[in-house]
Amino acid sequence: MTTVATMIPHSRPAIGQEDFRATTEVLRSGQIAQGPWVERFERGMAGFFGLQGGVAVSSGTAALELALRALRIGAGDEVIMPSYVCPAPWLATQRVGAQATLVDIDLNTFNIDPLAVCQVVTNRTRAIIIPHLFGLPADLTALERLGIALIEDCAQTLGSTEQGRPVGTVGRLTVCSFYATKLLCAGEGGMVLSNEGALLERVRSLREYDGAPKLDPSSCNLKLTDLQAALGLSQLGRLSTFHERRRFLATAYREALSSKAAVCPSVPPGRTHGYYRFTIRLPHLRTDPEGLLGLISTLEQQGIHCRKPVFRPLHRYLDQSGFPNSDEADRTALSIPLYPGLTDDEVHQILQSLTKVLS
Ligand SMILES: Cc1ncc(COP(=O)(O)O)c(C=O)c1O
């Protein structure tokens, strides 16, 4: 395969002078592990959501695990989640010894389908993990009617709204990820946020073993460092600028691609989209199992790194069936580069290649 010299990456963190200043200040202070910057970042994120508090941890996956533990979910309990998501929610559920019940998605939004959720609720269901995928809120209004604890997974969506309510403010617990390519990056990192002080206290006590009154085998070291927190906090200050650029790019993509063979991201009434990912659907690939990978390879040869937005639906790892929408998304969904640092020239190049291959 021939590859071009300059590849437009699928994702790129937006690191600016403010980030250099903030992290240098921490390095100079001599205090780089968990300390005052972590507390500041927790207050900053809680303020962003308008929630009582947050507890910073080492990753989004750790945040999911501690959110489940805070709800005292364990062996014998069931946790519902969509199949079309990265393995983090399933892994967290396994870690606490609970059973993960997978459901299908709504193909138009790529998010968990509330009707599918209704069909699998049992008297052992203790929580629903709701990833808001690609920047679009899930149907929180329908999900909260079920009266089950909601854990909002905001790893891919911050600031978008559903019926006027920002994501992360509806569930009992909210988790974030600050992985390098996320909306806010800290290299790695995560946070659990809530309006319930008791849940926050439990997460705080679970994140580290130092100072615990007795030895507890489930204790961990899942702390964030001040160095990461300074980067996250500095990025938080620019989140609205990042979103503005993302929305601008999404409009440009939408205009250029709407007449092609691509279905652009849909935004149901009452919801706003943050465009963490610009994921298009290519229905003509529905019956072509290798088509999507072939297209990704063609675009790569033209210097554009596109990806399947979810590597593999969870039901396929687990040999389960009955998830037609997740299967269709797996065959037809393509994520094209969209991030604040994308230059106008790069956008032009992406659109030129895409319109050509989709004509
Ligand atoms: C929806 C969702 N939840 C959770 C995670 C896990 O976050 P982390 O990579 O920080 O563990 C991710 C990461 O990709 C994600 O996309």
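Student: What span would be expected of helix 2, and how far does helix 2 reach?

Tutor: This is a predicted model, and helix 2 covers residues 36–49 in it. That makes 14 residues. The expected span is 1.5 Å times one less than the number of residues. For helix 2 the expectation is 20 Å, and the reach from first C-alpha to last is 20 Å. The helix is therefore close to the expected span.

Student: Which residues of helix 2 are called buried?

Tutor: W37, V38, F41, E42, M45, A46 and F49. Each is called buried because 20 or more other C-beta atoms lie within 10 Å of its own.

Student: What do the buried residues of helix 2 pack against?

Tutor: Helical partners include helix 1 (17–29) and helix 8. Strand partners include strand 1 (53–57), strand 7 (165–166), strand 8 (173–177) and strand 9 (190–194).

Student: Which residue follows helix 2, and what is its phi?

Tutor: G50 follows, with a positive phi near 75°.

Student: What makes L233 buried or exposed?

Tutor: L233 has 23 other C-beta atoms within 10 Å. The cut-off for buried is 20 or more. L233 is therefore buried. This residue lies in helix 8.

Student: Which residues does L233 touch, leaving out those up to four places away in sequence?

Tutor: A22, W37, R40, F41 and G44. Take G44: it is 189 residues from L233 in sequence, yet the C-alpha atoms are 7.0 Å apart.

Student: What makes Y317 buried or exposed?

Tutor: Y317 has 12 other C-beta atoms within 10 Å. Exposed means 12 or fewer. Y317 therefore counts as exposed. Its place is in helix 11. Y317 and S83 are 234 residues apart in sequence, but 9.8 Å apart in space, C-alpha to C-alpha.

Student: Which residues of helix 4 are buried, and what do they pack against?

Tutor: Helix 4 spans residues 88–95, and A88, P89, W90, A92 and T93 are buried there. Their partners include helix 3 (60–70) and helix 11 (314–317). Strand 2 (78–82), strand 3 (99–103), strand 4 (125–131) and strand 5 (149–153) are also packed against. After helix 4 comes G97, with a positive phi near 85°.

Student: How do you know whether R72 is buried or exposed?

Tutor: R72 has 11 other C-beta atoms within 10 Å. The limit for exposed is 12 or fewer, so R72 is exposed. R72 is found in the loop between helix 3 and strand 2.

Student: How do you know whether F110 is buried or exposed?

Tutor: F110 has 27 other C-beta atoms within 10 Å. With the cut-off at 20 or more, F110 is therefore buried. F110 sits in the loop between strand 3 and helix 5 (114–120).

Student: How do you know whether the radius of gyration agrees with a compact globule?

Tutor: For 359 residues, the rule gives a value near 21 Å, and the chain has 20 Å, so the two agree. The C-alpha atoms fill a box of roughly 65 × 55 × 40 Å along the principal axes. Of the 359 residues, 47% count as buried. The chain has 13 helices and 11 strands.

Student: What share of the contacts with a separation of 6 or more joins residues 24 or more positions apart?

Tutor: The share is 69%.

Student: How many residues surround the ligand, and of what classes?

Tutor: 13 residues surround the ligand. The closest are S59, G60, T61, A155 and S177. The shell has 6 nonpolar, 6 polar and 1 charged residues.

Technical notes
Residues are numbered from 1 along each chain as its sequence is written. This is a predicted model: local features need pLDDT of at least 70, side-chain atom pairs count only at pLDDT 80 or more; totals for chains, interfaces and linings use all residues. A residue is near a molecule or strand if its C-beta atom, placed from the backbone, lies within 6 Å of it. Ala, Val, Leu, Ile, Met, Phe, Trp, Tyr, Cys and Pro count as nonpolar, Asp, Glu, Lys and Arg as charged, and the others, Gly among them, as polar. Helices (H or I, at least four residues) and strands (E, at least two) are DSSP runs, numbered from the N terminus. Two residues are in contact if their C-beta atoms, placed from the backbone, lie within 7 Å. The radius of gyration is taken over C-alpha atoms; the globule rule is 2.2 Å times the number of residues to the power 0.38.
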